Amino acid sequence: MSIFQSNFFIAEIGVNHIGKIDVAFKHIDLAKIAGFNAVKFQFIDTEKIWHKNCDESIKLSQKESFPYDWFEPLREYAHKNGLLIGHTPTFQNASKIIKDHKSDFIKIASPQAEFDRFILDEAIATNLPLIISNGYSDFNSSLDLINYVSKYQRKIRDIAFLYCIAKYPADMIKVPYEEAENLCQICNEKKINFGFSDHFKSILPALNLSNIGANVFEKHISIENIDSLDSEVSINELDAINYINQIKLISNNSIFIERESTFENKSSLFSSSLIFKVSVKKGDIFSLTHFSRYREGVNSKGVQTDTLWKFLNKFSSEDIYYNKNIAEGENLTIDDIN
């Protein structure tokens with residue numbers, strides 16, 4: 001049986017827990033009161049997500065960290081309240097940890113869906129229900145993403161594709177509803193659930209996308225007086241209740257409000273360092289197990305992740321060899337491989 005109901009609402013708690021488990025519990029309470037079906041947290045290990053030498057201004061703190069010993073108590077509390085619980089992997093091997101802690105689903109955020117294909121592959125390998133969003137993808141790469149995950153439908157019980165505008169909040173950007181409707185139709189043909197990862201303060205885009213055919217909605221929520229990286233785009237208890245009730249009303253009555261056709265793409269690129277955990281020799285076959293990936297932030301000296309993604313696509317279909325000897329602790333560059 002699919003986890004996705006006629007309308008499936010995910011409360012994106014993200015990092016609004018501000019590093020305190022009691023605050024995380026209160027957000028689960030809020031999700032229950034508002035009528036959400038599931039809660040979702042960002043699984044962040046600050047020692048693994050960023051490079052140790054990255055700019056201090058972009059490093060995450062313990063306020064954003066999701067400790068490993070939170071998995072079990074939060075899962076039990078969510079289930080006790082009739083809610084599913086999922087997590088977003090943000091570093092290498094995170095998906096396996098999420099599965100080992102018996103999470104109900106994995107959500108791949110739009111930067112990883114577009115640029116970090118190996119993190120997506122790790123999520124697919126768990127066979128857990130999979131949710132992906134396309135905020136950093138254009139129309140063609142969204143099609144590629146849908147086609148890519150659709151190949152694994154026999155392994156994965158449920159897949160949902162969420163349309164997304166990657167800005168926080170996104171209210172100054174017009175939603176290209178015609179594009180979204182085309183993607184919804186393609187998802188329907190491939191029997192993939194279509195939905196909306198909503199970064200808007202206005203409810204209007206969610207209502208319009210519900211009319212188009214979206215049935216999975218992800219929305220940031222927050223209890224009062226939270227100061228976090230997600231707080232600006234989050235809604236409170238009353239707004240959350242109204243959000244769910246209005247979408248249900250619109251979906252049941254098929255009332256279309258308005259259609260906008262222009263879209264301003266604000267996406268930006270990340271860069272990464274791939275640090276070797278072992279030494280390799282010239283002529284050795286490239287393997288993802290040889291190194292760890294660290295984000296350094298924009299304008300770093302790492303490998304730009306759109307370049308890395310294109311390379312990893314090539315790696316998935318053929319053997320690639322190193323051009324030189326590389327010592328443990330060194331950075332991988334594209335010139336090191338053929």
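Are Glu-218 and Lys-40 buried or exposed?

Author: Both Glu-218 and Lys-40 are buried, where buried means under 20% relative accessible area, exposed over 50% and partly exposed in between, with a 1.4 Å probe and protein chains only. The model is predicted, so local features need pLDDT of at least 70 and side-chain atom pairs count only at pLDDT 80 or more, while totals for chains, interfaces and linings use all residues. Residues are numbered from 1 along each chain as its sequence is written, and side-chain values use heavy atoms, leaving out hydrogens and water.

Glu-218 and Lys-40 form a salt bridge, with 3.6 Å between the closest N and O atoms; the term requires a side-chain nitrogen of Lys or Arg within 4 Å of a carboxyl oxygen of Asp or Glu. Glu-218 belongs to strand 8 (residues 216-220) and Lys-40 to strand 2 (residues 38-43), so the partners are distant parts of the chain, 178 residues apart. Strands here are DSSP runs of E with at least two residues, helices are runs of H or I with at least four, and both are numbered from the N terminus.

Strand 8 takes part in a further pair. Lys-219 meets Asp-198 in a salt bridge of 3.5 Å, N to O. Asp-198 lies in strand 7 and Lys-219 in strand 8, so this pair ties together parts 21 residues apart in sequence. Asp-198 and Lys-219 are also buried. Through shared partners, salt bridges join Glu-218 and Lys-40 with Glu-12 and Lys-107 in one network. The count of salt bridges comes to 8. One of the others links Asp-158 to Arg-157 at 3.7 Å, N to O; Asp-158 is buried, with a relative accessible area of 6%.

Lys-107 leads on to strand 4. In strand 4 (residues 105-108), Phe-105 and Lys-107 point one way, Ile-106 and Ile-108 point the other way, and all of them are buried. In a regular strand, side chains alternate between the two faces of the sheet.

Strand 4 pairs with two strands, pairing meaning that DSSP finds at least two bridges. Strand 3 (residues 84-89) runs parallel to strand 4 and is joined to it by 2 bridges; His-87 has Ile-106 as its bridge partner in strand 4. Between strand 3 and strand 4 the chain passes through helix 4 (residues 94-100) in a right-handed β-α-β crossover: with the strands pointing away from the viewer, the path from the first strand over the helix to the second runs clockwise. Strand 5 (residues 130-133) is also parallel to strand 4, over 3 bridges, and Leu-130 in strand 5 is the bridge partner of Ile-106.
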